[in-house]
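Please look at the sequence and the structure before reading on.

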Amino acid sequence: MPAQHREVVAKQRPSAQANHESNCQGQEQNFPFQLALKISTEGCITVDIQWEHNHSVSALEASNFKDLSEETIEKVYRLFESGHTPSTARQQFLKDIRRECEDDITYHQRKADRAITPRRRDFSYLYTQFGKQNYGGKDRQMFEKLMERLESYHHHTSHFW
């Protein structure tokens, strides 16, 4: 070991079980990882963490954790612009996906992929964001946004008279 560095290494074997928590089925979870801390003589610490997934990353469930794509967000906003609520927007969104898919497997793959199909709570969150952007939300910003629109309206209509 070099003289200028002390190395503190904490390791857990990949086959070791994490006994501190259980998942909802009561089974112990396996969290294989390796943690290495390097402390220099100047007091700088370098942390090196290596880990593996404790679940399949190729299963449909794994695609459920992706971020929403910009294209998906735009599609949902267009549904809100046409008057949909979060609930009716989700229904229409799923109908549109079903129409685009040729078979059930493709439909379920697209439905499981969060980048393509938002969850229920995503529709509610996007609806709130849409309201804030277009109407100012629920507080004082709503009145400020209304005043901006009225001024814009008066400015545009004053040119016609």
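**Reading salt bridges and a helix contact**

Q: Where does Glu 71 stand on the scale of accessibility, buried or exposed?

A: This model is predicted. Glu 71 has a relative accessible area of 52% and is exposed, because the cut-off for that class is over 50%.

Q: With which residue does Glu 71 form a salt bridge?

A: As a general idea, side chains of opposite charge can pair when their charged atoms come close. In this structure the partner of Glu 71 is Lys 75, and the closest N and O atoms of the two are 3.7 Å apart. Lys 75, with a relative accessibility of 25%, is classed as partly exposed.

Q: How many salt bridges does a search of the whole structure find?

A: The search finds five. Among them is the one between Asp 96 and Arg 99, with an N to O distance of 3.0 Å. Both of these residues lie in helix α2 (residues 86–100), and three residues, about one turn of the helix, separate their positions. Asp 96 is partly exposed at 24% relative accessible area, whereas Arg 99 is exposed at 60%.

Q: Which residue forms a salt bridge with Asp 104?

A: Asp 104 pairs with Arg 98, and their closest N and O atoms lie 2.7 Å apart. Asp 104 is partly exposed, with a relative accessible area of 49%. Arg 98 is also partly exposed, at 38% relative accessibility.

Q: At what angle do α2 and helix α4 pack?

A: In general, two packed helices are described by the angle between their axes and the distance between the axes. Here α2 packs against α4 (residues 120–135) at about 125°, and the axes are 9 Å apart. The two helices are therefore oblique to each other. The crossing of α2 past α4 is right-handed.

Q: Which residues make the contact between α2 and α4?

A: From α2, the contact uses Pro 86, Ala 89, Arg 90 and Phe 93. From α4, Arg 120, Phe 123, Ser 124 and Tyr 127 take part.

Q: How do the residues of the contact of α2 with α4 divide into nonpolar, polar and charged?

A: Five residues of this contact are nonpolar, one is polar and two are charged.

Conventions:
Residues are numbered from 1 along each chain as its sequence is written. This is a predicted model: local features need pLDDT of at least 70, side-chain atom pairs count only at pLDDT 80 or more; totals for chains, interfaces and linings use all residues. Side-chain values use heavy atoms; hydrogens and water are left out. A salt bridge is a side-chain nitrogen of Lys or Arg within 4 Å of a carboxyl oxygen of Asp or Glu. Buried means under 20% relative accessible area, exposed over 50%, partly exposed in between (1.4 Å probe, protein chains only). Helices (H or I, at least four residues) and strands (E, at least two) are DSSP runs, numbered from the N terminus. Axes are lines fitted to C-alpha atoms, for helices over the stretch in contact, and angles run from 0 to 180 degrees between N-to-C directions. Angles under 35 degrees count as roughly parallel, over 145 as roughly antiparallel, 65 to 115 as roughly perpendicular and the rest as oblique. A crossing is left-handed if the near helix is turned anticlockwise from the far one by less than a right angle, and right-handed if clockwise. Contact means heavy atoms within 4.5 Å. Ala, Val, Leu, Ile, Met, Phe, Trp, Tyr, Cys and Pro count as nonpolar, Asp, Glu, Lys and Arg as charged, and the others, Gly among them, as polar.
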